[in-house]
Amino acid sequence: MEWTEVTIWTTTPGIDVVTGMLMDLGIRGFVIEDAQDFEEFLEGTELYWDYVDEDLAKEKKNTETNVKIYVTSDLHGAELLAQVQAGLRDIRARDEKGEFGRCETSFTSLKQEDWENNWKQYFKPFEVGERFVIKPSWETYDGDTDRIILEIDPAASFGTGAHHTTQLVLCELEKYVKPGMKLLDMGCGSGILSIAAKLLGAEDITAADIDPIAVKTAKENAEKNGFALNAYLGDACRDQQLAEQLGGGYDIIAANIVADVIMAMQEMFYEKLKDDGVLIVSGIIGPRADEVRESLIGAGFEVIHDAMSSDWVAITLKKKL
């Protein structure tokens with residue numbers, strides 16, 4: 001199996017923020033290179049510089065603080081990388097003081113444009129749940145024709161349907177979406193959940209994401225599946241005008257994001273759901289599931305169902321009335 005080294009450029013204060021985001025995504029193995037630590041080491045060992053390689057010292061003094069991770073060069077690696085990129089975009093959006101640096105990535109074994117196309121050779125049609133087939137536009141599907149074919153080209157956005165979190169939400173949507181329903185897809189990525197809801201009969205669908213590439217991709221994918229998606233760009237946690245534009249009265253809200261963002265939005269979710277509405281949240285790594293569940297219960301929800309795949313959790317809830 002081939003691996004790609006991904007370097008995330010940040011700052012010393014940004015290390016905890018970046019690694020916290022990575023751990024939320026289930027990434028436990030990373031290498032930290034802290035420029036400040038090396039500077040302090042050089043200052044503290046000045047008397048022993050005969051034992052410090054001069055070229056190494058020069059190189060490290062000019063090194064930008066970074067965190068390195070390693071992902072497989074396949075579809076699952078591409079899904080994970082897209083989640084990392086989304087997490088970094090969220091960090092940049094919330095870093096008002098610019099404390100966490102660039103929060104951008106670089107690749108040592110592949111150029112980014114090569115990476116974004118290389119994984120396509122692994123993206124073949126596959127079945128999800130009891131009703132869906134997920135298919136890229138460049139492939140054909142010759143299997144069970146009773147299934148709903150959902151065509152998706154994720155581009156650089158998260159959401160081919162291969163990741164555990166996406167599949168968990170798709171299976172929950174199969175249970176709860178009924179014809180004519182109104183749905184909000186918060187953190188829409190490639191638009192896969194919005195499209196699934198539409199194909200299941202939902203009538204009024206609104207989507208939102210903080211990434212302009214995601215919003216553009218989601219709209220394009222919706223068109224491939226025969227409808228125009230109402231998709232907004234921005235951070236509804238921080239932008240009150242956007243939060244108001246999203247409206248309310250939703251039968252279902254789907255949020256496949258990360259634990260911290262779900263908890264930050266929980267009061268908004270409560271306000272925007274109908275009294276008998278359903279909230280489906282995922283993107284939650286197992287060790288944080290209890291924290292998210294208790295937070296949502298405290299916000300006025302009650303749990304209907306928990307689902308788990310690998311170490312990922314989806315929680316389905318309704319309002320307590």
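Biologist: What makes β13 and β14 a hairpin?

Modeller: Two residues stand between β13 and β14. Ser-310, in the turn, has a positive phi of about 55 degrees. This is a predicted model, so local features need pLDDT of at least 70 and side-chain atom pairs count only at pLDDT 80 or more, while totals for chains, interfaces and linings use all residues. Residues are numbered from 1 along each chain as its sequence is written, and side-chain values use heavy atoms, with hydrogens and water left out.

Biologist: How do you know that β13 and β14 pair?

Modeller: Two strands pair if DSSP finds at least two bridges between them. Strand β13 (residues 301–309) and strand β14 (residues 312–319) have eight, in the antiparallel sense. Asp-306 has Ile-315 of β14 as its bridge partner. Strands are DSSP runs of E (at least two residues) and helices runs of H or I (at least four), numbered from the N terminus.

Biologist: What makes β2 and β4 edge strands?

Modeller: An open sheet of four strands has the order β2-β3-β1-β4, with antiparallel pairing. β2 (31–33) and β4 (104–107) each pair on one side only. The twist averages 30 degrees from one strand to the next. β2 is joined to β3 (residues 66–72) by three bridges. Glu-33 stands opposite Asn-66 in β3.

Biologist: Which strands does helix α1 lie across?

Modeller: Helix α1 (residues 14–24) lies across β1, β2 and β3. Contact means heavy atoms within 4.5 Å. The helix runs at about 15 degrees to β3. Such angles, from 0 to 180 degrees, are taken between N-to-C directions of lines fitted to C-alpha atoms, for helices over the stretch in contact.

Biologist: Why is one side of β5 and of β7 without a neighbour in the sheet?

Modeller: The open sheet runs β5-β6-β7, with mixed pairing. β5 (126–128) and β7 (148–151) are at the edges with a single partner strand each, so one side of each has no neighbour there. Three bridges join β5 to β6 (residues 132–135), antiparallel. Val-128 faces Phe-132 in β6. Helix α6 (residues 164–176) packs on this sheet, touching β5 and β6, at about 55 degrees to β5.

Biologist: How do you know that Glu-64 and Arg-102 form a salt bridge?

Modeller: The rule asks for a side-chain nitrogen of Lys or Arg within 4 Å of a carboxyl oxygen of Asp or Glu. The closest N and O atoms here are 2.7 Å apart. The pair therefore meets the rule. Glu-64 is in the loop between α3 and β3, and Arg-102 is in the loop between α4 (75–94) and β4, 38 residues apart. The count by this rule is 20 salt bridges.

Biologist: What makes up the nonpolar patch of about 330 Å²?

Modeller: Trp-3, Val-31 and Tyr-70 make it. Trp-3 is in strand β1 (residues 3–9).

Biologist: Where does pLDDT stay under 50?

Modeller: pLDDT is the predictor's confidence in each residue, from 0 to 100. It stays under 50 over residues 44–53. Three contacts reach beyond four places in sequence from there. The protein averages 85, and 86% of the residues score at least 70. Where pLDDT is low, the predicted coordinates should not be read in detail.

Methods
Patch = residues over 30% accessible without salt bridge, like charges linked within 9 Å, V, L, I, M, F, W, Y side chains within 5 Å. Areas by Shrake-Rupley, 256 points an atom, 1.4 Å probe, with all protein chains shown as cover.
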